[in-house]
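Dear colleague,

Please find below the structure that I am handing over to you. My notes on what was found in it follow directly after.

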Amino acid sequence: MSANPVLTYGGQTVHYRVQTDGSRTTKIAIHVEPNGEVIVDAPEGANPVDIRKAVHKRARWVFTQVEKSRERFKYVREKEYISGEEVLYLGRRYVLKVIKGDTQRGAVKLKGNRLEVPSRSASMESVRAGIWAWYRVKARDYFDLRLAEWEKKLPWLNDRPPFRLQDMEKRWGSCTPEGTIILNPHLIKAPRECIDYVILHELAHLRHHNHSKEFWATIDQADTDWKRKKILLDSLAERLYAQ
């Protein structure tokens, strides 16, 4: 099967991603994530022709869900990076305060309910770069802290896995076959409990490299409240991904 299979319906096209699941026997499941990504879970060794047929059979439903996702994102206001805008950090709202002048580079900081960003030019590019450099530092430190906490709690972890940050348009995280955890720096905007859910989700992949019943049971054993956190994160996706 193509590395980037495409579904066509009514003159429109959408890419989808196939994930093999060793626990499945014959059923092929199709999911549309809140961000519009289409994921197909198929049994290992499934015939690519059967997968394509299953996806095309539900084409109308897939495109309906994708369109709903696009509509939600359409009404998210694009940021201008000017004083007075909302900035999210760990689920809380802060007011952006741009400080123009010859200020010390990198001195972005939280002060009360404001995020102060020094910028010589106060241009959108400069302010955005300052905020994202700050976000990445905060994400690296906070995610590392939470990974350390989960390491103490999860019996299948012998040591803390390596992790890195990676900007991703449609995913909060992933786990490589080699066991490296990859986390989206946008996630640092989310509530702490949502961050914990994503980290737990990826750590569970170290035990089950699929989305089988055993995988979800593993998550449920570690956190019985994970479904609520996932729903909350899904509901915030458009705002968190907004630049």
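Arg160 is partly exposed, with a relative accessible area of 34%; here buried means under 20%, exposed over 50% and partly exposed in between, using a 1.4 Å probe and protein chains only. The model is a predicted one, in which local features need pLDDT of at least 70 and side-chain atom pairs count only at pLDDT 80 or more, while totals for chains, interfaces and linings use all residues. Residues are numbered from 1 along each chain as its sequence is written, and side-chain values use heavy atoms, with hydrogens and water left out.

Arg160 sits in the loop between α3 and β9 (163–165); helices (H or I, at least four residues) and strands (E, at least two) are DSSP runs numbered from the N terminus. Leaving aside residues up to four places away in sequence, Arg160 touches Asp144, Leu147, Ala148 and Glu151, where contact means heavy atoms within 4.5 Å. Its C-alpha atom is separated by 38 Å from that of Met124, 36 residues apart along the chain.

Turning to helix packing, α3 and α4 pack at an angle of about 60°, with their axes 10 Å apart. Axes are lines fitted to C-alpha atoms, for helices over the stretch in contact, and angles run from 0 to 180 degrees between N-to-C directions. The two helices, α3 and α4, are therefore oblique to each other; angles under 35 degrees count as roughly parallel, over 145 as roughly antiparallel, 65 to 115 as roughly perpendicular and the rest as oblique. By class, the contact of α3 with α4 has 8 nonpolar, no polar and 3 charged residues. In this scheme Ala, Val, Leu, Ile, Met, Phe, Trp, Tyr, Cys and Pro are nonpolar, Asp, Glu, Lys and Arg are charged, and the others, Gly among them, are polar.

For helix α4 (residues 192–204) and helix α5 (residues 213–222), the axes come within 10 Å and cross at roughly 135°. That makes α4 oblique to α5.

Yours sincerely
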